[in-house]
Amino acid sequence: MKIFCGIDWAEDHHDVALVNERGDLVAKQRITDDLAGLKALQHLLAEAGDVPGDSIPIAIETSRGLLVACLRATGRPVYAINPMTVARYRERRTVARAKSDHADALALANVLRTDADHHRPLPADSELIQAIAVLARAQQDAVWNRQQLADQLRSLLREFFPAALAAFQVKNVGLTHPEARAVLAAAPTPAAAAALSKARLRSLLRKAGRQRRIETRAEHLAGVLHEPHMRQLPRVEEALGHQVRALVLQLDAAAQAADDLAAVCADRFAEHEDAEIITSFPGLAELTGARILDEIGDDRSRFADGRALKAYAGSAPITRASGKSLIVHHRKVKNQRLAAVGYVWSFAALSGSHGARGHYDRRRSVGDRHTAALRNLFNRLLGQLHHCLITRKAYNENAAFPTPPPVSA
């Protein structure tokens, strides 16, 4: 008789429940979150009939962690079940709102027993893909953290140092730019900025990496920073300056982390066999390509077809129909990381592909807003990428965006 396993995980222990095809509880046990706990779980599964080639499927509410990694390494099918699904299943069984770790493990096992066909096991991605996923997501987190710190710094400068915003919020230069960070670290207050000489500004610009038009840039900064502005009280201004310097230090660390992770991620991405196909698409380079690859993986059986991948990315619309009501809108439940890089990809493709630009313009001409047109373009590009990865072919502009036939008179 087939056995199903559910694991309710926690930080220091996990509750395990095994049920058979009738839903009868076969075994239960609480294991620790260490090697001894893993061995106890393997022993429990073996006693229930787990053998190589006929492994017991396991349901758990997370796709990460050492326990999941070790279970996947053994080749067992592991299903990451959304906690909301487990909560809804629990409500099917009882209305008393009773809850316990063992009951959650039992619910997870029963989800597989009754609805395994509606869930997909974690993909069998290669070790390289899993490493790329760690690096790409960490780099994306570092970029988001860098922008969050820049927003905090901008809000703080508005309180007492508006000249800094006027000096650095220009084309190709922002608060995250090395020039802005170097000048603000040296002069975090209006008083300190007004005391900066042009020679000192030139030195700071060179230290930040600028190689051209140093004199022109230094004159512009001096003109903006030396202008009179409204000021806070001296001691208040000094205190705010210390806060600026602290934020700049954090911003430096976040920017360095983003740059370092980007370099390592690009190197690992270049090692993968799919890198050449992915970067053949307009708008995709090493970093954005790595973000795309880490979210879709290299297990080609993960998505049944291109439509499944589009739904996962949130680029395909969703329809809500009831009676005479029919509403089509964009998906809100999606892979947020893939959707974020999809926006960057489709926007960059506008300048790298005449076909992509023409598709975007046609969507705008029929009434789509900017984000909707980009989402539609991302939807089309993602379907083409899925096809190219399956067929092992590089991107072809003429095949992707064929010239429409002329309209007859």
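Predicted model: local features only at pLDDT ≥ 70, side-chain atom pairs only at ≥ 80, totals over all residues.
Salt bridges come first. A search of the whole structure finds 18 of them. One joins the side chains of Asp104 and Arg90, with an N to O distance of 3.0 Å. Asp104 sits in helix 4 (residues 101-115) and Arg90 in helix 3 (residues 83-93), so the bridge ties together parts that are 14 residues apart in sequence. Both partners fall under the 20% limit for buried residues. Asp104 has a relative accessible area of 3% and is therefore buried. Arg90 is also buried, at 19%.

A further salt bridge links Glu295 with Arg137. Their closest N and O atoms are 3.1 Å apart. Glu295 belongs to helix 13 (residues 286-296), whereas Arg137 belongs to helix 5 (residues 127-160), so this pair ties together parts that are 158 residues apart in sequence. Glu295 counts as buried because its relative accessibility is 3%. Arg137 has a relative accessible area of 22% and is partly exposed.

Loops also supply partners. The side chains of Asp274 and Arg392 meet in a salt bridge, at 2.6 Å from N to O. Asp274 lies in the loop between helix 11 (234-271) and helix 12 (275-279). Arg392 lies in the loop between helix 17 and helix 18 (397-400). The two parts tied together by this pair are 118 residues apart in sequence. Asp274 is buried, with 2% relative accessibility. Arg392 is partly exposed, with a relative accessible area of 40%.

Salt bridges can also form a network. Asp15, Arg30 and Asp101 are linked in this way.

The next feature is a pair of helices. Helix 16 covers residues 354-365, and helix 17 covers residues 370-391. Their axes come within 9 Å and cross at roughly 135°. The crossing of helix 16 and helix 17 is right-handed.

Tyr343, Val344 and Phe347 make a nonpolar patch of about 280 Å². Val344 is placed in helix 15 (residues 336-349). Val344 counts as partly exposed because its relative accessibility is 40%, and this class lies between the buried limit of 20% and the exposed limit of 50%.

Conventions. Residues numbered from 1 in each chain as written. Heavy atoms only, no water. Patch = residues over 30% accessible without salt bridge, like charges linked within 9 Å, V, L, I, M, F, W, Y side chains within 5 Å. Areas by Shrake-Rupley, 256 points an atom, 1.4 Å probe, with all protein chains shown as cover. Salt bridge = Lys/Arg side-chain N within 4 Å of Asp/Glu carboxyl O. Helix = DSSP H or I, 4+ residues; strand = E, 2+ residues; numbered from the N terminus. Buried < 20%, exposed > 50% of the residue type's maximum accessible area, 1.4 Å probe, protein only. Axes fitted to C-alpha atoms, helices over the stretch in contact; angles between N-to-C directions. Left-handed = near helix turned anticlockwise from the far one by under 90°.
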